[in-house]
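Subject: Structure handover

Hello,

Please find the structure below. My notes on it follow, beginning with a question about one residue.

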Amino acid sequence: MTYLKKNHKEEMQVLQCVAGGNVNVEMNAAPGVDLTVLLNNMRSEYEALAEQNRRDAEAWFNEKSASLQQQISEDVGATTSARNELTEMKRNLQTLEIELQSLLATKQSLECSLTETESNYCVQLAQIQAQIGALEEQLHQVRTETEGQKLEYEQLLDIKVLLEKEIETYCLLIGGDDGACKSGGYKTKDYGSGNMGSQVKDPAKAIVVKKVLEEVDQRSKILSTRLHSLEEKSQSN
């Protein structure tokens, strides 16, 4: 259209120059074509062509505008969807950050609790080990005392056996166990001096009575042994 307008303008200028001159040309020829009609026809053709070009351009513009509007609408929808998705992702991100902070706080609390529990268990373990050590020491002392008591008991049993043998020997020496008596946990045996096999008939003689006192417990364990002597004078009837 620009090119056509330029040509039309140049042709109009040429025609104006030709019409505005003072050249008189006389020719013996057939009548010429009316330039005004020719120019009007050309103007009409140019205008029709320009209108056709304008319509084509407008149709092309409308078609392109429709496709562009459709693309813009699609892009706007995609942008809105992306914006909504971005907003949702931001919301999810904030939620996850809050959850992460909560989990970190819980982890720190659990670590503190674990450290405190470990320290408490270490203290309790140390106390238990100390108690075990004390009990082992007490057990060792008890074992030592038990062994000592066992040895002492065996020694006392040996002493008891020896004393019983000695008592049997004394009984055999005095001629029997007629003078033996039991009183209040003590075993007493009387031994007379002089003639051991017979009664003392001389009233003027003194009688010496010897008693062996043995202290025993409920299990017949001899706790102590001592010899007690009594001297009595018989009087005449």
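Is Glu58 buried, partly exposed or exposed? Glu58 is partly exposed, with a relative accessible area of 40%. Here buried means under 20% relative accessible area, exposed means over 50%, and partly exposed is in between, with a 1.4 Å probe and protein chains only.

Before the rest, some notes on the model. This is a predicted model, so local features need pLDDT of at least 70 and side-chain atom pairs count only at pLDDT 80 or more, while totals for chains, interfaces and linings use all residues. Residues are numbered from 1 along each chain as its sequence is written, and side-chain values use heavy atoms, with hydrogens and water left out.

Overall make-up

The chain has 2 helices and 4 strands, in the order α-α-β-β-β-β from the N terminus. Helices (H or I, at least four residues) and strands (E, at least two) are DSSP runs, numbered from the N terminus. Of the 237 residues, 8% count as buried. The accessible surface of the chain is about 20300 Å², and carbon and sulfur atoms hold 55% of that; the areas come from the Shrake-Rupley method with a 1.4 Å probe, and for residues only the protein chains shown count as cover. Among contacts in the chain with a separation of 6 or more, 43% are between residues 24 or more positions apart, where contact means heavy atoms within 4.5 Å.

Helix 2

Helix 2 covers residues 35-174. With 140 residues at 1.5 Å a residue, helix 2 should span 208 Å, and its end C-alpha atoms are 196 Å apart, which agrees. The expected span is 1.5 Å times one less than the number of residues. The buried residues of helix 2 are Leu39, Met42, Ser65, Lys160, Leu163, Ile167, Cys171 and Ile174.

Salt bridges

How many salt bridges does a search of the whole structure find? The search finds 4, a salt bridge being a side-chain nitrogen of Lys or Arg within 4 Å of a carboxyl oxygen of Asp or Glu. Glu51, Arg54, Arg55 and Glu58 are linked in a network of them. The pairs include:

- Arg54 and Glu51, whose closest N and O atoms are 2.2 Å apart. These two are 3 residues apart in helix 2, and therefore separated by about one helical turn.
- Glu51 and Arg55, at 3.3 Å from N to O. They are 4 residues apart in helix 2, again about one helical turn.
- Arg54 and Glu58, at 3.2 Å from N to O. This pair is also 4 residues apart in helix 2, or about one helical turn.

Other points along helix 2

Leu68, Ile72 and Val76 form a nonpolar patch on the surface, with about 240 Å² of accessible area together. Patches are made of residues with over 30% relative accessible area and no salt bridge; like charges are joined within 9 Å and nonpolar side chains (Val, Leu, Ile, Met, Phe, Trp, Tyr) within 5 Å. Val76 lies in helix 2 and is partly exposed, at 45% relative accessible area.

Thr117 is in helix 2 as well, and is partly exposed with a relative accessible area of 30%. A polar atom of the Thr117 side chain lies 2.7 Å from the backbone oxygen of Ser113.

Leu4 and helix 1

Leu4 sits in helix 1 (residues 2-20) and is partly exposed, at 29% relative accessibility. Which residues does Leu4 contact, leaving aside its neighbours within four places in sequence? They are Tyr46 and Leu49. Leu4 and Tyr46 are 42 residues apart along the chain, and their C-alpha atoms are separated by 7.6 Å.

Regards

Technical notes: Polar contact = N/O pair within 3.5 Å; in protein donor to acceptor, adjacent residues only side chain to side chain.
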